[in-house]
Amino acid sequence: MTERRPIRLIVNGRAHEVSLPPNTTLLTALRDLGCTDAKNGCEQGECGACAVLLDGEPMNSCMILAWQADGARITTNAGLGTLERPHPIQEAFADAGAIQCGFCTSGMVIATKALLDRNPDPTEAEIRDALSGNLCRCTGYGQIAAAVHLAAERLRNLPSWSASSASEDGQEPAFKKRVLASDDVTGEGGRS
Amino acid sequence: MTLPAFDLLRPTTLDEALRLLSEMPDALPIAGGTNLIPDLRKGSHAPGSLIDVSGLPELCCIRRKEGHLLIGGGVTIAELLDDPMVAQTTPILTEMASSFAHTLVRNRATIGGNLVAAAPCCDSAPALLVLDAEIDLAGPEGTRRLPLAEFLVGAFTTRRESNELLTCVRVPVPSDRSYTGFVKMGLRKISCMAKIDVAVRVEAHSDGRCEFARIAIGAVAPIAYRAEAAEAHLAGNVLDAVAIAEAARLAGASAHPRSGSEYKRQVIEALARRLLTDVAGRIEGGS
C-alpha cells in the first residue's frame, strides 16, 4: 500500500531519480538530496522558509507531497547563483543588509525571484504582497523590501540575468558548501 | 515531522478519480494540500489513501458559458486572482483572492478545496454566496448541482459524500448594474485567517434604487451565511445613509460569534456600512 516508488525530480537543473514512500513531502525529499537551503520551519505553510520554485511558481515545499512533484522542475535558492557568481537578488540581499540569522533568506530570495520574473519594477505594496508568505523574525522587513527594490533595479540594468538563471546550465552551485555550513550553525541539519 | 502513513493514488482522468473514491471509502481527495497536509500532521484526518486530483484537466479551467462563469474545483486562488475574465465579470472574486492567505499558499490552494474544507473562516464562501453560486458534485451516478448555501452545512461539514468530488463552481455572471465589495478583517493585514469577512452585492435599477442586495458574512458563525434581514431592508430602496445604517445594523445583529467575540457584531456593522456606502457612491457616480 505505502511502498516506495521511484520519481524524477529536476532540482536546480539536475535530474534525480529517487525512490520515496508516498508520505514524503517535497521538502524532505529536497533536504535528503542535500538541498538544505530549503529550510524546515513551521510545516504549516505559514513561514515560507521552505519555499521553492515548482515549475517557476513559488510554493511551500512542506505542503507538497514529493510524488505530486514527479517530473517537475524545482529551483531552490542555491540553484539561482554560485558563490563566485551570485544571483543579483542574492547580492542585493547581502548588500542591503537583509540578512541576520539567514533562516528565512532562501525562501525570501525564492519569493523575490518569482516576483521579479513577473514584475520587473514592483511597487512597495507589490513587494510586500509577494513576500507576504515569508516570515522573518530578525530584520523587521524594511531591509528585505529595500533588497528587492535594489535587486529589481540591478536586474533591469542586467536583462541577461532575468532571462536565464544559473540553474539552467545544470551546474552544481559552488556555494552549496557554505549553505551546508550555515545549517550546522543553526542546528537545522538534523531536523529533516 | 513525518506524516502518518497513507497511500497516494494519482489518477489522470476524472472518471478514474471517481472510481477510486467509490472503491475506497477511507480515501480523501487531495489537491493543493494546504489544508490537508497540516491536518494530517495534527492527526485530524487519518485516511488510508489520498487521491491526488490536482492534475485532473476536467477541474483546472475557468470558462464562460451560457451566462455563467464556470470555475473548476482545481483552479488555484492565484489563477483566480490573475484571471482577467474573473476581474471583469466578478471583481469580488479577485478582491477575495487578493486577501486570501498569502502568495505561496495562493499558488497551491484551490477554490474546491477551500469550499470542501468548509472552515468557518473560509474566505471564498461569502464572496460566492453574494454571487448566488452553485456547485457541481460529481459522483458515481453522475453530477448533482446544489446552491452553495445548501452545500455548506456547518463548521467543516458539507453535503459532499465521500465518493464525490467538487468539480465546478458555477457563478451566474452578474448584470452590468451589479456592484460588489469584499473586506476581510484579521489580526494582520495579510497572511492571516479571517476574523470577519463581509461581502456585499447590490443590483441597481437604472434610477439608482437597489433592486436587490446580497450581504454574506464569514467567520462569525459555524459557516458563512447570508444576512437576509439586512438584504431585505435594502431591496427596492434608495441606498441613502439611513437605509445603509439600518441594513448594517441588521447585518451585525445577525452574527452568532463565539462567547468573548461579541465585538464582532459592531465590527460587522461598521464594515457593512463602509462597503455599502462605497457601493452607493459608485452607483450614483454612474460607473
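This briefing walks through selected features of chains A and B, grouped by topic. The model is predicted, so local features need pLDDT of at least 70 and side-chain atom pairs count only at pLDDT 80 or more, while totals for chains, interfaces and linings use all residues. Residues are numbered from 1 along each chain as its sequence is written, and chains are lettered from A and ligands numbered from 1 in the order in which they are written.

**Chain A as a whole**

- Chain A holds seven helices and five strands; helices (H or I, at least four residues) and strands (E, at least two) are DSSP runs, numbered from the N terminus.
- Read from the N terminus, the elements of chain A follow the order β-β-α-β-β-β-α-α-α-α-α-α.
- Chain A has 192 residues, and 48% of them count as buried. A residue is buried if 20 or more other C-beta atoms lie within 10 Å of its own, exposed if 12 or fewer, and partly exposed in between, with C-beta atoms placed from the backbone.
- Taking the contacts in chain A between residues at least 6 apart in sequence, 64% join residues at least 24 apart. Two residues are in contact if their C-beta atoms, placed from the backbone, lie within 7 Å.

**A helix pair in chain A**

- Helix H2 (residues 88–95) of chain A packs against helix H5 (residues 142–157) of chain A at an angle of about 140 degrees, and their axes are 8 Å apart. That makes H2(A) oblique to H5(A).
- For these values, axes are lines fitted to C-alpha atoms, for helices over the stretch in contact, and angles run from 0 to 180 degrees between N-to-C directions. Angles under 35 degrees count as roughly parallel, over 145 as roughly antiparallel, 65 to 115 as roughly perpendicular and the rest as oblique.
- The crossing of H2(A) past H5(A) is right-handed; a crossing is left-handed if the near helix is turned anticlockwise from the far one by less than a right angle, and right-handed if clockwise.
- From H2(A), Pro88(A), Ile89(A), Ala92(A), Phe93(A) and Asp95(A) meet Ala147(A), Leu150(A), Ala151(A), Arg154(A) and Leu155(A) of H5(A).
- Sorted by class, this contact of H2(A) with H5(A) has eight nonpolar, no polar and two charged residues. Ala, Val, Leu, Ile, Met, Phe, Trp, Tyr, Cys and Pro count as nonpolar, Asp, Glu, Lys and Arg as charged, and the others, Gly among them, as polar.

**Strand pairing in chain B**

- Strand E6 (residues 134–139) and strand E7 (residues 142–147) of chain B run antiparallel and are joined by six bridges; two strands pair if DSSP finds at least two bridges between them.
- A hairpin of two residues links E6(B) to E7(B), and Ala138(B) stands opposite Thr143(B) in E7(B).
- E6(B) also pairs in the antiparallel sense with strand E10 (residues 165–172) of chain B, over five bridges. Here Glu134(B) stands opposite Arg170(B) in E10(B).
- Four strands of chain B form an open sheet with antiparallel pairing, in the order E11-E12-E13-E14. Strand E11 (178–186) and strand E14 (225–226) of chain B are at the edges with a single partner strand each, so one side of each is left without a neighbour in the sheet.
- Strand E13 (residues 210–218) of chain B and E14(B) run antiparallel and are joined by two bridges, with Tyr225(B) as the bridge partner of Ile217(B).
- Helix H5 (residues 91–99) of chain B packs on the sheet, where it touches E11 and strand E12 (194–204) of chain B; its direction makes about 10 degrees with that of E11(B).

**Where the chains meet**

- The contact takes 24 residues from chain A and 23 residues from chain B.
- On the side of chain B that touches chain A, strand E1 (7–9), helix H2 (36–42) and helix H6 (103–106) of chain B each supply at least two residues.
- By class, that side of chain B has eleven nonpolar, seven polar and five charged residues.

**Residues to look at**

- Leu36(B) sits in helix H2 of chain B and is buried, because 22 other C-beta atoms lie within 10 Å.
- Not counting residues up to four places away in sequence, Leu36(B) touches Leu28(B), Ile30(B) and His45(B).
- Most residues other than glycine have a negative phi. Tyr141(A), however, has a positive phi near 75 degrees; it lies in the loop between helix H4 (124–130) and H5 of chain A.
- Phe156(B) has a positive phi too, of about 60 degrees, and lies in the loop between strand E8 (152–154) and strand E9 (157–158) of chain B.
- Tyr141(A) counts as partly exposed, with 16 C-beta neighbours inside 10 Å, and Phe156(B) counts as partly exposed with 16.
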